[in-house]
Amino acid sequence: MRPRSVTRTFLIVSWRTPVYVYASDPMSAAGAKAQLMGQPTIELVGPADLDRARVALVVAEATDDGAAKVVKAIQRDGVPRVVLVACRFDEAGVLVCVAAGATSFLRRTEATSAKLTEAIRDADQAGCRLPEGLIRRATAALPVDEVTADTPTMDLRDRGGSTITLRLTARESEVLRLVADGFDTSDIAEQLAYSESTIKGVLAKIMGRLDARNRCHAVAIVVREGLI
C-alpha cells in the first residue's frame with residue numbers, strides 16, 4: 001500500500017521591520033535608503049507596500065508645520081510609527097510634530113546606519129526618543145508617589161467640558177523622564193525597581209488623563225506645561 005501523501009505548510013515569519021522612507025528631495029531619500037539597505041533587521045518597502053510598513057523614516061530640514069503635515073499624512077496612510085530626522089530642532093516644532101504622531105527624533109548629523117537602525121527599532125517597540133536637551137531636568141527628586149503643594153500642575157478639560165487639575169506624582173514624573181530619554185518599559189522597570197506591568201499601568205494612566213496619542217505625546221504635553 002502506498003503511503004498517503006502529506007502536505008506540509010510552512011509559515012515564514014519575518015523578523016525584520018518593514019520601513020518606508022520619505023524625503024522631500026530624491027538625494028536625501030536615496031541617502032537614507034543607502035544607510036539602511038545593508039541592515040539585516042530592516043526591510044525597505046516602497047509606496048506600493050506602504051500598508052505593510054510598521055515604521056516610516058521621514059527626512060526633513062526642520063521640525064516645523066511642514067514636517068508635521070508629512071507625519072500626519074503618513075500616519076493617515078496606516079504607518080503607526082514615525083521617526084523624524086531633521087537638521088534643526090526647536091521645542092515648539094518638536095511639540096507640533098509629536099502632536100502629529102512622530103515618536104522618535106534624530107539629528108541628521110547623527111544619522112549613521114547604527115543610529116537609524118536603533119531609532120527604528122525603538123519606534124517599532126513603541127518607544128519614544130526626543131532630541132537631547134529638550135527635556136528640562138528636575139533639580140531635585142521627590143520620594144516615590146509623594147505629591148507636595150509645590151508640585152507643578154496643569155488644568156485640563158474632561159470630555160464633559162469640566163476643568164480638572166492634573167498633578168503628577170514623583171513616580172509618574174520619573175517614568176516620563178526615562179521615556180523621554182529613550183528607555184523602554186523593561187529598562188524603566190529595572191531602574192525604578194518596579195514590574196513591567198506596573199510601568200505599563202503608570203503610562204496608560206498618564207496617557208488616559210492627558211488624552212495623549214502615545215508615550216511621546218504624553219512627554220511633550222508635560223514638557224510644554226512645565227510639569228517635568
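Two strands count as paired if DSSP finds at least two bridges between them. Helices (H or I, at least four residues) and strands (E, at least two) are DSSP runs, numbered from the N terminus. In this predicted model, local features need pLDDT of at least 70 and side-chain atom pairs count only at pLDDT 80 or more, while totals for chains, interfaces and linings use all residues. Residues are numbered from 1 along each chain as its sequence is written, and side-chain values use heavy atoms, with hydrogens and water left out.

**Overall composition**

- The protein chain contains 8 helices and 7 strands.
- Of its 228 residues, 43% are buried; buried means under 20% relative accessible area, exposed over 50%, and partly exposed in between (1.4 Å probe, protein chains only).
- Contact means heavy atoms within 4.5 Å. Among contacts between residues at least 6 apart in sequence, 66% join residues at least 24 apart.

**The sheet**

- Five strands form an open sheet with parallel pairing, in the order β2-β1-β3-β4-β5.
- The edges are held by β2 (42–45) and β5 (104–107); each has a single partner strand, so one side of each lacks a neighbour in the sheet.
- On average, neighbouring strands of this sheet are turned by 30 degrees against each other, direction ignored. Axes here are lines fitted to C-alpha atoms, for helices over the stretch in contact, and angles run from 0 to 180 degrees between N-to-C directions.
- Strands β1 and β2 run parallel and are joined by 4 bridges; in β2, valine 45 is the bridge partner of tyrosine 20.
- Strand β1 (residues 17–23) is largely enclosed by the rest of the structure, because 6 of its 7 residues are buried.
- Strand β4 (residues 81–88) is likewise linked to β5 by 4 bridges, and the two run parallel. Alanine 86 stands opposite arginine 107 in β5.

- Serine 104 lies in strand β5 and counts as buried, at 0% relative accessibility.
- Leaving aside residues up to four places away in sequence, serine 104 touches Val82, Val83, Leu84, Ala119, Ala123, Gly127 and Arg129.

**Packing of α2 and α3**

- Helix α2 (residues 65–76) packs with helix α3 (residues 91–100) at an angle of about 15 degrees, the axes being 8 Å apart.
- The two helices are therefore roughly parallel to each other; angles under 35 degrees count as roughly parallel, over 145 as roughly antiparallel, 65 to 115 as roughly perpendicular, and the rest as oblique.
- The contact brings Asp65, Ala67, Ala68, Val71, Lys72 and Gln75 of α2 together with Val96, Cys97 and Ala100 of α3.
- By class, this contact of α2 with α3 has 6 nonpolar, 1 polar and 2 charged residues. Ala, Val, Leu, Ile, Met, Phe, Trp, Tyr, Cys and Pro count as nonpolar, Asp, Glu, Lys and Arg as charged, and the others, Gly among them, as polar.

**Positive phi in two loops**

- Alanine 193 has a phi near 60 degrees, a positive value in a residue other than glycine.
- This alanine 193 sits in the loop between α6 (185–192) and α7 (196–210), and is exposed at 66% relative accessibility.
- Aspartate 211, also not a glycine, has a positive phi of about 55 degrees.
- The loop between α7 and α8 (215–224) holds aspartate 211, which is exposed with a relative accessible area of 52%.
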